[in-house]
Amino acid sequence: GGGTVAYDLTFSNPSGADFEGEVWVFATLPDGRQLGPVFGPAALSLARGETRTESLTGTVPPRAPAGTYTVTAYVGAAFPDAFDPGSSFAFEKAGGSAAPASPERTWTTKNLTRGTTTEVALADAEVQAGLVGAYPSPFRARTTVRYALAAETPVRIAVYDLLGRRVAVLADGPEAAGTHEATFEADGLPSGVYLVRLEAGSRVETQRVTLLR
């Protein structure tokens with residue numbers, strides 16, 4: 001029947017410098033589609049040594065599909081480049097339907113401290129072809145490349161350095177419609193910017209990721 005999910009986000013800055021960046025939250029639906037951000041991106045400022053907690057509530061509509069949902073928060077210098085894979089929790093929704101989009105299918109998130117509200121229609125989670133993002137980036141050893149396919153199609157994902165040399169192939173072959181992940185292992189590669197290139201049918205898309213040693 002829908003309801004409210006309440007949770008806290010606790011941020012800590014153990015470094016010796018002040019932090020200025022952003023925070024954002026995604027929800028992963030039971031069929032694996034990613035929705036959001038359902039909160040943010042919002043500015044995040046932390047003094048050196050500071051720890052702060054923000055309370056959030058997410059209102060899940062009655063017509064949202066049943067199953068397991070995962071809520072994941074990310075922090076980074078700027079959306080969508082997260083510093084790490086994020087912090088998450090899962091919850092179960094017992095009932096629901098895949099009815100056409102309507103205001104009754106809107107996921108609403110409210111920041112209890114600042115009173116800001118974010119609304120995202122579940123219809124916005126329909127699969128769109130292309131690169132969803134790489135998390136984390138910058139990264140130190142490996143990063144996960146997320147991509148979506150609107151229909152079954154041959155897919156090739158390769159990684160190149162800025163000189164155009166191919167350094168890795170992450171996927172090569174037909175894949176079903178939906179959201180997928182591929183891992184880029186950067187063992188033996190120097191620090192720098194790399195280009196992730198997606199070829200899916202007639203679609204070609206490139207995204208930058210940054211490796212830090």
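Guide: We will go through sheets, then cores, then aromatic pairs.
Visitor: Where do these values come from?
Guide: This is a predicted model: local features need pLDDT of at least 70, side-chain atom pairs count only at pLDDT 80 or more, and totals for chains, interfaces and linings use all residues. Residues are numbered from 1 along each chain as its sequence is written, and side-chain values use heavy atoms, with hydrogens and water left out.
Visitor: What is the strand order in the open sheet of three strands?
Guide: The order is β10-β11-β14, with antiparallel pairing. Strands are DSSP runs of E, at least two residues, numbered from the N terminus. Two strands pair if DSSP finds at least two bridges between them.
Visitor: Which strands stand at the edges?
Guide: β10 (130-135) and β14 (178-185). Each has a single partner strand, so one side of each is left without a neighbour in the sheet.
Visitor: How many bridges pair β10 and β11?
Guide: Five, in the antiparallel sense. A134 stands opposite V145 in β11.
Visitor: And the open sheet of four strands, what is its order?
Guide: β13-β12-β15-β16, again with antiparallel pairing. β13 (166-175) and β16 (203-211) are the edge strands, and each pairs on one side only. Inside, six bridges join β12 to β15.
Visitor: New topic. Which residues touch the most other members in the largest nonpolar core?
Guide: Y7, L9, V23, V25, L35, F91 and W107, out of 24 residues. A nonpolar core is a set of buried Ala, Val, Leu, Ile, Met, Phe, Trp, Tyr and Cys residues joined through side-chain atoms within 4.5 Å. Buried means under 20% relative accessible area, with a 1.4 Å probe and protein chains only.
Visitor: Which strand gives the largest share of this core?
Guide: β3, with six residues. Apart from this core lies another, of 22 residues, including F139 and Y147.
Visitor: How many aromatic pairs are there?
Guide: Seven. Rings of Phe, Tyr and Trp (its six-membered ring) pair if their centres lie within 6.5 Å; planes under 30 degrees apart count as stacked, over 60 as edge-to-face and the rest as tilted.
Visitor: How are Y69 and F91 arranged?
Guide: They are stacked, 5.2 Å centre to centre, with 5 degrees between the planes. Y69 lies in β5 and F91 in β7, so the pair ties together parts that are 22 residues apart in sequence.
Visitor: What about F184 and Y194?
Guide: Their planes are at 65 degrees and their centres 6.2 Å apart, so the pair is edge-to-face. F184 is buried, and so is Y194.

Notes. Buried means under 20% relative accessible area, exposed over 50%, partly exposed in between (1.4 Å probe, protein chains only).
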